[in-house]
Amino acid sequence: MLVAVLPDGRLQDLRADGGPAGPPHQVADLPATIAAREAADQPRWVWASTADIYPALLRAGVRVARCHDLELTEALLLGHAGRWGEPRGVAAALARSRGLPVPPDPPRPDAEPPGFAQAALFETASAHPFHLQDLIDAYGSQHARQSAVDDPGRFRLLVAAESAGALIAAEMGHTGLPWRADVHDELLRELLGPPQPVGPPRRLAELTAEINAAFGVHGLHPDSPAEVVKAFARAGVQVPNTRRWVLRGVDHPAVAPLLEFKELYRIWTAHGWAWCDAWVRDGRFRPEYVPGGVVSGRWATRGGGALQVPKVVRRAVIADPGWQFVVADAGQLEPRVLAAVSGDQRLARAAAAGDLYAALAADSFAGDRAKAKIALLGAMYGQTGGDALPALAVLRRHYPVAFDYVEAAARTGEMGGLVRSWLGRTCPPSSVRASGLEPPDEVAPPPGRARGRFTRNFVIQATAAEWALVLLALLRTALSDMSAELVLFVHDEVVVHCPSSEADAVVEAVNECAARAGRMLFGDTAVRFPLDVSVVGAYADAK
């Protein structure tokens, strides 16, 4: 059962193909109506954007099992057609289907930290200028376009997983990650010294003085890369930038304090006292997640930096009394995905082992695990020189099907072509630059070797993101009868907060869902997707 819904309370039951299954109707209390329908038949809710509608339902105490997110689906369909990045809202989708000028999507406001005044439960109808029939027409158009893609079955799984991910993202933002502000304050004081009324904390001031003394200058700001590069030049050292790996290769007394300064400065500015005051309320950190926020399908955030919490700061992530964290990390995920998608039977047999690199080494690299790892990562990331060259030659000879899979993706990218993930997520055209949410390594470069490296990895990384998203969706369902809470998802890692009495059941559910995700994507394959699972009281203690 499908039900189209607008925030102003207009509903329409739909058939599977998107056609109406009865008259539209208006309800006075939308959350109560949705809760009643969930209890009765758990329909799939068709709405414009989960990010716009679901948080208000959660604040009203209503959770839904399934939805179809029109905006996320439109983005996937546009990408599949080679039109990545075009407007994806309902108004744009309708104009596109009707041959009319396509309006831009309205800008989304930046996320506000928790504690700010909440908007009304639902925006007024004037903020949603389309009609219920527009919503229905947009869904019908998407249903027809999904049937026309290369592999409709896989693509529909991608659409369902993407929409499920949007529900999970909103739920995690609503639930929040347990966060001890007192412990956070203690560790900041331990690292930085006490906060100062004006300026940086004591340890950063001390390091600034050390760096100035090492360069023999006064007034240099270590947080300014341009100033630091000029200071090195005056000292007779030429550096292209101040990135950590560059500085580690420099022999100069300023390097050690500069590296420490960079690490502590990032903690102070990104996860310091001001961050905690803004983002942690009632013992929980509640960021806004953005499913599919980068081109590979990985998530981003719209404030709070939940996907980049430094390990030392994770000491403040402590389970509630009587509760624990189940932390599950998919080790060696991308190499296992390569084995599954390429159909290389010899590599698949190695990927049936708990340690893929060790199995690969025993099979083809004379027991040298390091060399096997270099070869496989070099093939996926396009490293073709240095120590990788002889190892790649062995890989190409022993695992030609897997090697040719990523080589074909690279050649397509070098010529400016498009490549797709296993379920059908498509890389951006070479003419499209990435949005502000995306990190630099996920930008689609123009044709040439750089784009070849990008597309070589895209077919693997995007498929790995799909596997992780399916795992998350399955786990959400498996935990629905427990008190356990999904509280964090970072690429290949999922964190569940649960009563200690449920920890064993959560561990079993996580492992079963990982195996099911592999079967749903790849069918009957020898490839295993094992998880490293820890049950801990503090996130920092997870292995």
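Is Glu-206 buried, exposed or partly exposed? Glu-206 counts as partly exposed, at 36% relative accessibility. The notes below cover this and other salt-bridge residues in the predicted model.

1. **Glu-206 and Arg-202.** These two side chains form a salt bridge. The closest N and O atoms are 3.8 Å apart. Both residues lie in helix α8, which spans residues 202–215. They are 4 residues apart, about one turn of the helix. Arg-202 is partly exposed as well, at 46% relative accessibility.

2. **Asp-151 and Arg-154.** Here the side chains meet in a salt bridge at 3.4 Å, N to O. Asp-151 has a relative accessible area of 34%, so it counts as partly exposed. Arg-154 is also partly exposed, with 28% relative accessibility.

3. **Arg-284 and Glu-485.** A salt bridge joins these side chains, with an N to O distance of 3.3 Å. Arg-284 sits in strand β8 (residues 284–285) and Glu-485 in strand β12 (residues 485–490), so the pair ties together parts that are 201 residues apart in sequence. Arg-284 has a relative accessible area of 10%. Buried means under 20%, so Arg-284 is buried.

4. How many salt bridges does the model hold? The count comes to 30 salt bridges. Among them are the pairs Asp-151 with Arg-154, Glu-206 with Arg-202, and Arg-284 with Glu-485.

Technical notes: Residues are numbered from 1 along each chain as its sequence is written. This is a predicted model: local features need pLDDT of at least 70, side-chain atom pairs count only at pLDDT 80 or more; totals for chains, interfaces and linings use all residues. Side-chain values use heavy atoms; hydrogens and water are left out. A salt bridge is a side-chain nitrogen of Lys or Arg within 4 Å of a carboxyl oxygen of Asp or Glu. Buried means under 20% relative accessible area, exposed over 50%, partly exposed in between (1.4 Å probe, protein chains only). Helices (H or I, at least four residues) and strands (E, at least two) are DSSP runs, numbered from the N terminus.
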